[in-house]
Amino acid sequence: MGITTVSTIAELKALSAQLLAAAPGPAGHGGGTLGLVPTMGALHRGHAELARAAVAENAVVVASVFVNPLQFGDPVDLERYPRTTEADLAVLDAAGVDIMFAPPVEEMYPGGEPAVRVTAGRLGELYEGASRPGHFDGALTVVAKLLHAGRPDTGLAPADPAGRQSYRAYFGQKDAQQLALVRRMVADLNFPVDIVPVPIVRDSDGLALSSRNRFLSDGERDAALVLSRALRLLRRRADAHEPLDIPSAEELVHMTPGVELDYLEVVDPGTLAARAENCQDTPFTGQALALIAARVGPVRLIDNVTLG
Ligand code: AMP
């Protein structure tokens, strides 16, 4: 059966319960599992990878497409965010997704902006949060709502003996800070869902795929390659257990015309706390995450790489 589009939470709950009741589930995984893939649309191969990961291990898969006004500080950014619903439907269908949930803003926020929101806390103020105040509060609030909306009322199997939930949500490692915050929210607020991370999908030249890449001119796109190049430099040093020498990686970015570095930080992969000890003379050990953000032409780009 192909994909079905729904635009209300009631339709979503009814259809996913119906599909769960009918679905035998992928071989070896049994029935009663549902995967949710939250997106803002303008889908590319990175999103398709999330969808495929969910399809591979769940009986029923829902992908949401919702451009969440709450997480945009800049109305111009919200206005120009690409909306490509027909193409999105084709991407999700090809990946084997069962339901596309594409609600209008009034369905998600029927009373206008919510008076009560999830707050991301201190981690929400660092890195991306420092230049986008309120962004992660808005993102976590909509993820919380989507996690509730996407959870079917009937048909979910109990958690397996290993404690794995039968309700799973898939997030890309591309947005490392968002992933860390969603994991914290789910743990801190006892959401009954497993958060499944999916590796970053890149173009063959190393540029991490992003819905915003379409706004780059050819020259800007070339310049943007310095983000992944700087991260690869750090990874080579980490692999060789050399000092990371962050300033020299920053210099690489500063030397690239048209690229304005915001931050390059080496952090703990779980807490995202800065790991200053690895920045200068100390040989690299252990595991870390290198986060980078820069403005290139009209867009702000982020990327990251695992070290160690
Ligand atoms: P977005 O619609 O861009 O907000 O992203 C929806 C989901 O897709 C998020 O969990 C992102 O982390 C994930 N995602 C976006 N780009 C990529 C990529 N290049 N590789 C892997 N996941 C991605």
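Arginine 184 and aspartate 188 sit together in helix H8 (residues 176–188), four residues apart, or about one turn of the helix. In this predicted model, their side chains meet in a salt bridge, with an N to O distance of 3.2 Å. Arginine 184 has a relative accessibility of 46% and therefore counts as partly exposed. Aspartate 188 is partly exposed as well, its relative accessible area being 46%.

Side chains of opposite charge can pair when their charged atoms come close. In the model, the count of salt bridges comes to 14. One of them is formed by the side chains of aspartate 77 and arginine 212, at 3.1 Å from N to O. This pair links distant parts of the chain, 135 residues apart: aspartate 77 belongs to helix H3 (residues 75–80), while arginine 212 lies in the loop between S6 and H9. Both aspartate 77 and arginine 212 are buried.

A further salt bridge brings together the side chains of arginine 300 and aspartate 262, at 2.9 Å from N to O. Arginine 300 is part of strand S9 (residues 299–307) and aspartate 262 part of strand S7 (residues 259–267), so the contact ties together parts that are 38 residues apart in sequence. With a relative accessible area of 37%, aspartate 262 is partly exposed. Salt bridges can also share partners, and in this way Arg45, Asp203, Asp205 and Arg221 are joined into one network.

Strand S5 (residues 167–172) is mostly covered, as six of its six residues are buried. In a regular strand the side chains alternate between the two faces of the sheet. In S5, Tyr167, Ala169 and Phe171 point one way, whereas Arg168, Tyr170 and Gly172 point the other way, and all are buried.

Strand S5 has parallel partners in S2 and S6. With strand S2 (residues 34–39), S5 pairs in the parallel sense over three bridges, and leucine 34 has tyrosine 167 of S5 as its bridge partner. Strand S6 (residues 194–198) runs parallel to S5 and is joined to it by five bridges; here, isoleucine 195 of S6 is the bridge partner of alanine 169.

The surface holds a charged feature of another kind. Arg229, Arg232, Arg235 and Arg236 gather there in a patch of positive charge. Among them, arginine 236 lies in helix H9 (residues 218–239). Its relative accessibility is 53%, so arginine 236 counts as exposed.

Definitions and conventions
Residues are numbered from 1 along each chain as its sequence is written. This is a predicted model: local features need pLDDT of at least 70, side-chain atom pairs count only at pLDDT 80 or more; totals for chains, interfaces and linings use all residues. Side-chain values use heavy atoms; hydrogens and water are left out. Patches are made of residues with over 30% relative accessible area and no salt bridge: like charges are joined within 9 Å, nonpolar side chains (Val, Leu, Ile, Met, Phe, Trp, Tyr) within 5 Å. Accessible areas come from the Shrake-Rupley method with a 1.4 Å probe; for residues, only the protein chains shown count as cover. A salt bridge is a side-chain nitrogen of Lys or Arg within 4 Å of a carboxyl oxygen of Asp or Glu. Lys and Arg count as positive and Asp and Glu as negative; His and the chain ends are not counted. The place of a charge is taken as NZ of Lys, CZ of Arg, CG of Asp or CD of Glu. Helices (H or I, at least four residues) and strands (E, at least two) are DSSP runs, numbered from the N terminus. Buried means under 20% relative accessible area, exposed over 50%, partly exposed in between (1.4 Å probe, protein chains only). Two strands pair if DSSP finds at least two bridges between them.
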